[in-house]
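Subject: Structure handover

Hello,

I am passing a structure on to you. Please look through it first; my notes come after it.

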Amino acid sequence: MYEQAEPVRSPFSNPDSGQTRRPPPQPPPVHQGASRCRISYGNGADKSQGASPYTYEEAEEVKRYATYTSAVCTCYWLSTAVIVLTLLIIGGCLVGFFLHINIQGDQKTKNEEGDGDWPSGNYCIFKKGNCPGGFQSGWLFWDDEDDDNKNSVGGELPDGNYDRDTMIRYCCRSDGNVDTPIVLPNRKPFYLFRFKGGCQQVKHMSVREEWFRWDDEDDDNKDDRRGAHPYDDGGSKNHRLHYCYYVYNN
């Protein structure tokens, strides 16, 4: 037989049976090691060191509680791991989504600011290499002063010839209306040449027309102009070109 603990009167006594039962043992704190529950068998042999402080029923209850607690802890850590992994996945997806949106937004901004091909319109630019699609090429020739000529050049220059006289090449297009705003980069001020009509309107930018006049050689003047070139109303012996100056319009 299993040893029976002596009845002790306590709030846990059963008044009908007249027997007394100890209060259920409290589980050991989580930070402690595994519970060492020892049971004395009927033959008096102690299967582990020391005698059990609990009855068999109490020991079984502790065992069941320990098993339940272990299962709960296992479920808790598994649930925590699943939640953390889910949050990491969701976080990664959100980061990727916002990066995608930002990248797409940057691409859209660049496109809105004129990144890509030159738009249709009515304007001229300097020629450097081949003219972009939609442009026609042309040039202007300056018969510079022969006496005391001090022509000089430096830095990056448009296509042309630069010596005692000057010839500059241009690219112009007239496949759009000057009053229909086109989209070009607007972060910094810039110039376009006026071609036919007035200055080309540019989206989100204000424009001011300016001109520059050259007083060329008077004797035997050889000024010339061919092809598509900026608007020039300087006469046959001089050049006067019209520039369109653009600044961002808040």
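What follows covers the disulfides and then one arginine. Please keep in mind that this is a predicted model.

Disulfides

The structure holds 3 disulfides. If the bonded cysteines of the chain are numbered in sequence order, they pair as 1-4, 2-3, 5-6.

One of these bonds is between Cys 124 and Cys 172, with 2.0 Å between the sulfur atoms. The angle about its S-S bond is 115°, and the link is right-handed. Cys 124 sits in strand 1 (residues 122–126) and Cys 172 in strand 4 (residues 166–174), so this pair ties together parts that are 48 residues apart in sequence. Both Cys 124 and Cys 172 are buried.

Another disulfide joins Cys 131 to Cys 171, again with an S to S distance of 2.0 Å. This link of Cys 131 and Cys 171 is left-handed, with -85° about the S-S bond. Cys 131 is found in the loop between strand 1 and strand 2 (136–142), while Cys 171 belongs to strand 4, so the parts tied together here are 40 residues apart in sequence. Cys 131 has a relative accessible area of 21% and is therefore partly exposed, as the cut-off for buried is under 20%. Cys 171, with a relative accessible area of 1%, is buried.

The remaining pair to describe is Cys 199 and Cys 244, whose sulfur atoms are 2.0 Å apart. The link of Cys 199 and Cys 244 is left-handed, at -90° about the S-S bond. Cys 199 lies in the loop between strand 5 and strand 6, and Cys 244 in strand 8 (residues 239–248); the pair links distant parts of the chain, 45 residues apart. Cys 199 counts as buried because its relative accessibility is 10%. Cys 244 also counts as buried, at 1% relative accessibility.

Arg 194

Arg 194 is in the loop between strand 5 (190–193) and strand 6 (205–214). Is this residue buried or exposed? Its relative accessibility is 17%, so Arg 194 counts as buried.

Leaving aside neighbours within four places in sequence, Arg 194 is in contact with Glu 209, Pro 230, Tyr 231, His 242 and Cys 244. With Glu 209 there is a polar contact between the two side chains, at 2.6 Å. Cys 244, also among the contacts of Arg 194, is the cysteine that forms a disulfide with Cys 199.

Regards

Terms used
Residues are numbered from 1 along each chain as its sequence is written. This is a predicted model: local features need pLDDT of at least 70, side-chain atom pairs count only at pLDDT 80 or more; totals for chains, interfaces and linings use all residues. Side-chain values use heavy atoms; hydrogens and water are left out. Helices (H or I, at least four residues) and strands (E, at least two) are DSSP runs, numbered from the N terminus. Buried means under 20% relative accessible area, exposed over 50%, partly exposed in between (1.4 Å probe, protein chains only). A polar contact is a pair of N or O atoms within 3.5 Å; within protein, one must be able to donate a hydrogen and the other to accept it, and residues adjacent in sequence count only if both atoms are side-chain atoms. Contact means heavy atoms within 4.5 Å. A disulfide is a pair of cysteine sulfur atoms within 2.5 Å.
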